[in-house]
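Me: I am new to this structure. Please take me through a few of its features, one question at a time.

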Amino acid sequence: MSYVKPAELIGTVVDAGASKVLLSTRDTLIRAIMGGALLSLAAAFAVTVSVTTGVPLLGALLFPIGFIMLYLLGFDLLTGVFVLTPLAWLDRRPGVTVGGILRNWGLVFVGNFIGAFTVAILMAVVVTYGFSVPPNEVGEAIGHIGEGRTVGYAEHGLAGMLTLFIRGVLCNWMVATGVVLSMVSKSVPGKIIAMWMPIMLFFFMGFEHSIVNMFLFPSGLLLGGDFTIMDYLIWNEIPTVVGNLVGGLLFVGLPLYFTYGRSTSPRAPRRSRRSGTPAVTATGGAGQAAPATTDSAPAAPLVDAPVGV
């Protein structure tokens, strides 16, 4: 399966993060819209399978299809860039700044929501014959999901908010693992198998994924779910986004970087506070020296890296 060992893998992960920060606004939005749309279609598919067969495990087993499709096409999810882009900043890649990372996160969030909301509208039309009849059993199931995972948490107060946040953390622990494992093989079958495992786990366990929720909860509102937009934002989306960020970085990105991190391209030079000129040559991991650069020297081009999600 052309296995890529972790010590080699981390360089590819960092390269992918740097490439996303430097991607144009147009391309970032297009890739995020399509990523959100494909994942939402997979969520609709998984709910349909679970409802029609009565076997939730089967829906979870098939849900990773959407994640795999969007990765192989090079599209983006917010949960993925939460992990990849900060590692490029830690590695001091040229052109990667905190502002650039926040810009990327904002664009991907907007794009994912556009894609997910578009699919929510399309699926609402499908399950109600253009809003001419009440939703079918799949539509009713989606509406109840929205109720249970908003007002259901609110009924427990702070304990419910803590549970929601932890489910967001656990979710992106698994999803970010899938993102990294997508680069652990150079063959398509190897990538598919590696991604499948953690994505199936998070979906079946009922963990909270901010992009999946961008589809499920607007769908629930369109289909008559008994909750409000504020319920969705306060008692799901916002805590889930924060939990996804913490889980991906704390349990996947940072441990991998600090134990396997090696600089694979020249880092941005450190500047002397007094003179404003590079003070010392940056060093790579394990004491490897990186080439010194000056303000007038062009930044080294990034090596081609998998787009990831």
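**Leu221 and beyond**

Reply: Start with one residue. This is a predicted model. Leu221 has a relative accessibility of 31%, so Leu221 counts as partly exposed.

Me: Which helix gives the most to the nonpolar patch?

Reply: The nonpolar surface patch covers about 910 Å². Its members include Leu221, Trp173, Ile229 and Phe251. With 9 residues, the top contributor is the helix at residues 229-260, α12.

Me: Is Ser187 buried or exposed?

Reply: Ser187 sits in the loop between α9 (157-181) and α10 (188-204). Its relative accessible area is 18%. Buried means under 20%, so Ser187 is buried.

Me: What separates the C-alpha atoms of Ser187 and Ser2?

Reply: Along the chain, Ser187 and Ser2 are 185 residues apart.

Me: Where on α7 do the buried residues fall?

Reply: Helix α7 (residues 137-148) has 12 residues. Its buried residues are Val138, Gly139, Ile142, Gly143 and Gly146. Seen down the axis of α7, they fall within an arc of 140°, so they line one face of the helix.

Me: Which helices do the buried residues of α7 pack against?

Reply: Begin with the buried residues of α7, Ile142 being one of them. The buried residues of α7 pack against α2 (25-53), α6 (98-128) and α11.

Terms used:
Residues are numbered from 1 along each chain as its sequence is written. This is a predicted model: local features need pLDDT of at least 70, side-chain atom pairs count only at pLDDT 80 or more; totals for chains, interfaces and linings use all residues. Side-chain values use heavy atoms; hydrogens and water are left out. Patches are made of residues with over 30% relative accessible area and no salt bridge: like charges are joined within 9 Å, nonpolar side chains (Val, Leu, Ile, Met, Phe, Trp, Tyr) within 5 Å. Accessible areas come from the Shrake-Rupley method with a 1.4 Å probe; for residues, only the protein chains shown count as cover. A salt bridge is a side-chain nitrogen of Lys or Arg within 4 Å of a carboxyl oxygen of Asp or Glu. Helices (H or I, at least four residues) and strands (E, at least two) are DSSP runs, numbered from the N terminus. Buried means under 20% relative accessible area, exposed over 50%, partly exposed in between (1.4 Å probe, protein chains only). The expected span of a helix is 1.5 Å times one less than its number of residues. The arc is that of the directions from the helix axis to the C-beta atoms. Contact means heavy atoms within 4.5 Å.
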